[in-house]
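Please read them with the structure open.

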Amino acid sequence: FLFLFAWRFVILSDQVTLTQAISGSTPFLVLGAIVCGLLILTAVIQARATVYTITNRRVAMRIGAALTVTLNLPYTQIANATLDLRKRGTGTIALDLMGDTRLSYLVCWPHVRPWVMRRTQPALRCIPEASRVAELLSEAAEKRVSSPVIARHGASRQGSTVAAE
């Protein structure tokens, strides 16, 4: 909108007075301010509607203001977590998923790692005290992944056979 304002001002400045050129170009600044206000309002609504939950088994992300989507990401399906620490301790924790798990960039936006579109990485965005949250996530994931899993491998006549993996 600043570019449109400047372009309109340059075009009008050689045809009319300076005051008329400014008043003829000002609607672009007003429209730009309205668009910025709408974007800020959208960001505030998204931030208030988002809930990130770290449990002992998974990361749950409830995202979306109008259409709510819940992502359940078990630690056994997370290959890596990357912390991008910013000023004042806020940060983003991006989760790299294993296997054939595919998520839509547009469905998860803005809760994705920015500019990584080929293999979408869901992200916990703008987390206060991000380093502390990353430690909690790391500890919970390490405990879950390192704990043995008991599974059934078919039934026999005397009962089920149980094996530890």
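**Notes on the predicted model**

1. Start with helix α4, residues 130-146. Helix α4 has 17 residues and reaches 24 Å from its first C-alpha to its last, close to the 24 Å expected at 1.5 Å a residue. The expected span is 1.5 Å times one less than the number of residues. Helices (H or I, at least four residues) and strands (E, at least two) are DSSP runs, numbered from the N terminus.

2. A word on the basis. This is a predicted model, in which local features need pLDDT of at least 70, side-chain atom pairs count only at pLDDT 80 or more, and totals for chains, interfaces and linings use all residues. Residues are numbered from 1 along each chain as its sequence is written, and side-chain values use heavy atoms, with hydrogens and water left out.

3. Which residues of α4 are buried? They are Ala130, Val133, Ala134, Leu137, Ala140 and Ala141. Seen down the axis of α4, these buried residues fall within an arc of 135°, so they line one face of the helix. The arc is that of the directions from the helix axis to the C-beta atoms. Buried means under 20% relative accessible area, exposed over 50%, and partly exposed in between (1.4 Å probe, protein chains only).

4. Now the other side of α4. Glu135, Glu142, Lys143 and Ser146 are exposed there. The cover over the buried residues of α4 includes β1 (51-54), β2 (58-63), β4 (78-85), β5 (91-97) and β6 (123-127). Contact here means heavy atoms within 4.5 Å.

5. Next, the sheet. Three strands form an open sheet in the order β4-β5-β6, with antiparallel pairing. β4 and β6 are the edge strands, and each pairs on one side only. From one strand to the next, the twist averages 10°. Axes are lines fitted to C-alpha atoms, for helices over the stretch in contact, and angles run from 0 to 180 degrees between N-to-C directions.

6. Look at β5 and β6 in detail. They pair in the antiparallel sense over three bridges. Ile93 has Leu124 in β6 as its bridge partner. Two strands pair if DSSP finds at least two bridges between them.

7. Check the loop between α3 (105-108) and β6, where Pro110 is found. The Trp109 to Pro110 peptide bond is cis, with omega near 5°. Trp115 lies in the loop between α3 and β6 as well. Its phi is near 65°, a positive value in a residue other than glycine. Trp115 is exposed, with a relative accessible area of 74%.

8. Check Arg88 too, in the loop between β4 and β5. Arg88 is not a glycine, yet has a positive phi of about 60°. At 85% relative accessibility, Arg88 counts as exposed.
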